[in-house]
Amino acid sequence: MTSLLLPNPDLITTAPLFSNLRSFPPPSWRFFSLRRSRSSSLVAICSLSATAAKPTATRWSEKPESDSISILNERIRRDLGKRETARPAMDSKEAEKYIQMVKEQQERGLQKLKGVRQGADSEGGFSYKVDPYTLLSGDYVVHKKVGIGRFVGIKFDVPKDSSEPLEYVFIEYADGMAKLPLKQASRLLYRYNLPNESKRPRTLSRLSDTSVWERRKTKGKVAIQKMVVDLMELYLHRLRQKRFPYPKNPIMADFAAQFPYNATPDQNQAFLDVDKDLTERETPMDRLICGDVGFGKTEVALRAIFCVVSSGKQAMVLAPTIVLAKQHYDVISDRFALYPHIKVGLLSRFQTKAEKEAYLEMIKHGDLNIIVGTHSLLGSRVVYSNLGLLVVDEEQRFGVKQKEKIASFKTCVDVLTLSATPIPRTLYLALTGFRDASLISTPPPERIPIKTHLSSFRKDKVIKAIKNELNRGGQVFYVLPRIKGLEEVMVFLEEAFPDIDIAMAHGKQYSKQLEETMERFVQGKIKILICTNIVESGLDIQNANTIIIQDVQQFGLAQLYQLRGRVGRADKEAHAYMFYPDKSLLSDQALERLSALEECRELGQGFQLAERDMGIRGFGTIFGEQQTGDVGNVGIDLFFEMLFESLSKVEELRIFSVPYNLVKIDININPRLPSEYVNYLENPMEIINEAEKAAEKDMWSLMQFTENLRRQYGKEPYSMEIILKKLYVRRMAADLGVNRIYASGKMVVMKTNMSKKVFKLITDSMTCDVYRGSLIYEGDQIMAELLLELPREQLLNWIFQCLSELHASLPALIKY
């Protein structure tokens with residue numbers, strides 16, 4: 001009898017799996033014992049007998065059931081995705097250096113933030129706790145410790161231990177009324193707002209059971225921590241990239257002198273920020289320029305383009321639509337007209353095939369210096385000669401694949417992102433050190449405030465408003481909340497203005513038709529554009545200075561803020577007409593919305609609530625739209641306060657992994673593999689060797705190994721699953737900073753370098769009460785007392801599930 005020696009399955013990486021697939025008929029089971037050799041850390045597997053069944057053409061198990069390993073793999077794939085594999089490894093010393101750099105920058109931002117918070121709310125910032133006197137009956141509020149309730153009012157009441165009446169805030173909850181002394185309410189209450197303020201909380205919280213609210217708050221806190229950590233890790237890896245600084249070019253002053261306007265202080269700061277990024281830093285620029293249309297973002301981009309192109313490199317300008325791309329092309333061509341050696345090109349799907357091919361050749365050979373276009377510029381056929389700068393306009397409006405392609409550029413070229421979505425100055429300052437951003441929040445001095453008119457709908461009012469604009473040679477936006485009413489308005493306006501070019505634009509049109517309509521409107525050929533709220537947020541149409549919004553009660557304040565901002569680009573006075581139907585036909589909710597609108601007629605303070613809602617869109621610009629859903633758990637104001645708290649303490653939530661080969665799992669298990677399975681694998685030594693290498697490398701590699709194994713050979717027998725689980729347990733332990741796991745009677749002990757704060761965050765975010773309730777932290781140990789002493793295989797399964805729960809919190813922690 002011969003024996004086959006395999007390395008110990010406690011150890012592990014990915015090597016390619018085998019190509020030949022084999023299986024066999026239902027076997028008579030034969031078991032092979034895995035046992036540790038005394039002379040080395042190898043495991044002996046007894047050889048197959050000569051009568052072992054021969055494999056046939058079916059796989060070991062055709063339909064792998066959804067077991068605990070596959071559930072864990074799904075979570076790993078969801079959490080890590082392509083991002084983890086794309087990031088190079090960073091040792092703790094290197095990470096420490098970069099984290100200190102980030103912290104120093106962040107401290108400066110937080111110091112400025114304190115000044116803004118102490119001052120007035122004049123610059124887009126807002127305080128988080130609400131002044132109870134500003135609340136109206138029926139407003140939803142959040143009590144930090146109890147949860148979401150409905151504000152009833154403020155009344156005097158006499159406390160039990162006093163004869164002097166005090167002011168109390170009364171709040172209705174799902175199971176009763178609460179009253180808080182006014183001073184306490186001022187410290188603990190927040191307004192409950194969501195990105196779309198028409199939404200209401202799903203339910204009110206219960207006074208008798210605050211555990212549901214605590215879970216919601218914890219969920220929001222963990223979501224915030226994940227976002228902050230992801231931001232931090234992206235920033236750290238970007239700091240590692242290197243390139244030579246661009247030379248300071250004396251002719252830049254001549255180029256800047258061509259700017260026909262006086263720059264605002266915010267603009268000057270943005271010019272300075274970008275200039276330092278390009279000429280003084282060795283890491284590629286990745287800066288966000290944030291400000292409304294017409295506030296001067298394009299000029300910042302033009303100067304960056306000039307700096308890069310005059311040094312012999314190419315610049316790419318990327319826009320989400322061809323209309324915006326054409327607008328950028330016209331502006332850039334006009335600005336660079338004095339520099340005939342700098343060639344500007346627009347790549348568009350309206351060009352012929354021959355024109356496109358000619359442009360592609362010019363780009364490839366460096367004959368085009370500035371290339372403007374849509375996502376087609378990211379295609380594989382576009383080969384750049386010497387790309388130095390990527391300017392992205394409204395990145396949040398690109399698709400997932402395009403965003404991934406844009407992200408891939410950030411490691412090798414300078415990237416400047418422009419966004420017309422405003423973000424609160426408080427958020428901007430808190431992010432100092434995590435995200436390079438320049439905020440342009442002051443309008444140009446020549447801009448005239450938009451005049452807002454709010455009244456009930458009458459056709460004669462609409463006709464008069466449009467006539468006034470057409471008589472001064474302007475153009476008009478006519479906006480409705482739904483596609484359904486567009487045709488009716490079209491008929492009405494064609495009768496009223498038979499000699500005027502009128503067109504419709506909405507999201508159900510073919511993209512080419514929509515783009516052609518918008519292009520004709522930009523060119524001034526169409527005088528009245530009837531549309532839904534898809535009006536391009538980035539378009540700068542100087543000649544459109546009247547907007548009519550019908551059924552205004554159906555829009556959110558944030559939507560109205562953006563729609564109203566589509567006019568008022570030129571030195572003419574702009575008008576926004578907001579019409580509502582007869583009040584007797586409106587629901588209570590619509591009347592409530594209308595009441596809020598009447599308070600928000602004027603520019604400035606009147607639109608504070610809309611600016612707050614806009615802040616959450618700016619939040620999406622920085623963190624990603626998919627993250628903003630977590631706001632609903634606690635409301636915007638408490639969410640932002642938790643965000644700033646997380647940003648200021650991010651270094652405390654850092655976990656230090658341990659080398660995989662130093663982790664000891666002291667659980668004596670000797671699984672027995674069926675002989676047919678060993679025969680079926682043909683070379684189990686190679687497979688287990690690959691498994692060891694995968695586990696030793698990282699969790700992503702182990703997940704890929706297991707999925708490949710199952711894809712080629714089907715679901716493994718239970719004994720092989722136990723071997724895989726030992727590898728997963730050891731890998732997860734290494735990631736969590738656990739260097740030893742052992743059991744003593746009913747007690748499971750994990751020795752760890754984890755801090756108590758990290759342990760609390762991890763256990764708070766665990767979804768399973770069974771594991772969360774059983775774990776305690778003492779000194780350098782995490783312990784769990786089980787109800788009874790488990791058999792070894794059941795014990796391994798318990799540890800596997802427990803570590804899976806703990807491991808799920810890793811995205812919320814810095815892992816260096």
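## Parallel sheet

Strand E19 and strand E20 (residues 528-531) run parallel and are joined by 4 bridges. Strands here are DSSP runs of E, at least two residues long, and helices are runs of H or I, at least four long, both numbered from the N terminus. Two strands count as paired if DSSP finds at least two bridges between them. Within this pair, alanine 503 has leucine 529 of E20 as its bridge partner.

The model is predicted: local features need pLDDT of at least 70, side-chain atom pairs count only at pLDDT 80 or more, and totals for chains, interfaces and linings use all residues. Residues are numbered from 1 along each chain as its sequence is written, and side-chain values use heavy atoms, with hydrogens and water left out.

E19 and E20 belong to an open sheet of 6 strands, ordered E17-E22-E21-E18-E20-E19, with parallel pairing. Strand E17 (451-456) and strand E19 (502-505) each have a single partner strand, so one side of each has no neighbour in the sheet. From one strand to the next, the twist averages 20°.

## Helices on the parallel sheet

Helix H12 (residues 459-471) lies across E17, strand E18 (475-479), E20, strand E21 (544-549) and strand E22 (575-580). H12 runs at about 170° to E21. Axes are lines fitted to C-alpha atoms, for helices over the stretch in contact, and angles run from 0 to 180 degrees between N-to-C directions. Contact means heavy atoms within 4.5 Å.

Helix H13 (residues 486-496) lies across E18, E19 and E20. Its angle to E19 is about 170°.

## Mixed sheet

Another open sheet has 5 strands in the order E23-E25-E26-E28-E27, and its pairing is mixed. The edge strands are E23 (664-666) and E27 (775-778), each pairing on one side only. Here the twist averages 15° from one strand to the next. E27 and strand E28 (residues 781-785) run antiparallel, joined by 4 bridges. Glutamate 778 has glutamine 781 in E28 as its bridge partner.

Two helices lie across strands of this sheet. Helix H22 (residues 718-735) lies across E23 and strand E25 (738-744), at about 125° to E25. Helix H23 (residues 756-764) lies across E27 and E28, at about 175° to E27.

Is lysine 664 buried or exposed? Lysine 664 is exposed, with a relative accessible area of 54%. Buried means under 20% relative accessible area, exposed over 50%, and partly exposed in between, with a 1.4 Å probe and protein chains only.

Lysine 664 is found in strand E23. Its C-alpha atom is separated by 4.7 Å from that of arginine 740, 76 residues apart along the chain. Not counting residues up to four places away in sequence, lysine 664 touches Asn739, Arg740 and Ile741.

## Nonpolar cores

The largest nonpolar core has 67 residues. Such a core is a set of buried Ala, Val, Leu, Ile, Met, Phe, Trp, Tyr and Cys residues joined through side-chain atoms within 4.5 Å. Leu736, Ile741, Ile799 and Leu803 have the most contacts inside it. H22 gives the most to this core, with 10 residues. Leaving aside neighbours within four places in sequence, leucine 736 is in contact with Ile655, Thr752, Asn753, Met754, Ile762, Leu803, Leu806, His807 and Leu810.

## Helix pair H20 and H21

The axes of helix H20 (residues 684-697) and helix H21 (residues 699-713) come within 7 Å and cross at roughly 150°. That makes H20 roughly antiparallel to H21. Angles under 35 degrees count as roughly parallel, over 145 as roughly antiparallel, 65 to 115 as roughly perpendicular, and the rest as oblique. From H20, Ile687, Glu690, Ala691, Ala694, Ala695 and Lys697 meet Ser701, Leu702, Phe705 and Leu709 in H21.

Strand E6 (residues 147-157) and strand E7 (residues 166-173) pair in the antiparallel sense over 7 bridges. Phenylalanine 151 has isoleucine 171 in E7 as its bridge partner. E7 also pairs with strand E8 (residues 176-181), in the antiparallel sense over 6 bridges. A hairpin of 2 residues joins E7 to E8. Glutamate 172 stands opposite methionine 177 in E8.

## Confidence

The mean pLDDT of the protein is 79, and 77% of its residues reach 70 or more. pLDDT is the predictor's confidence in each residue, from 0 to 100. Confidence is lowest in strand E1 (residues 3-7), at a mean of 33, and highest in helix H7 (residues 297-309), at 96.

Over residues 1-58 the pLDDT is below 50, and this stretch has 155 contacts in the model beyond near neighbours in sequence. Residues 116-126 also have pLDDT below 50, with 20 contacts beyond near neighbours in sequence.
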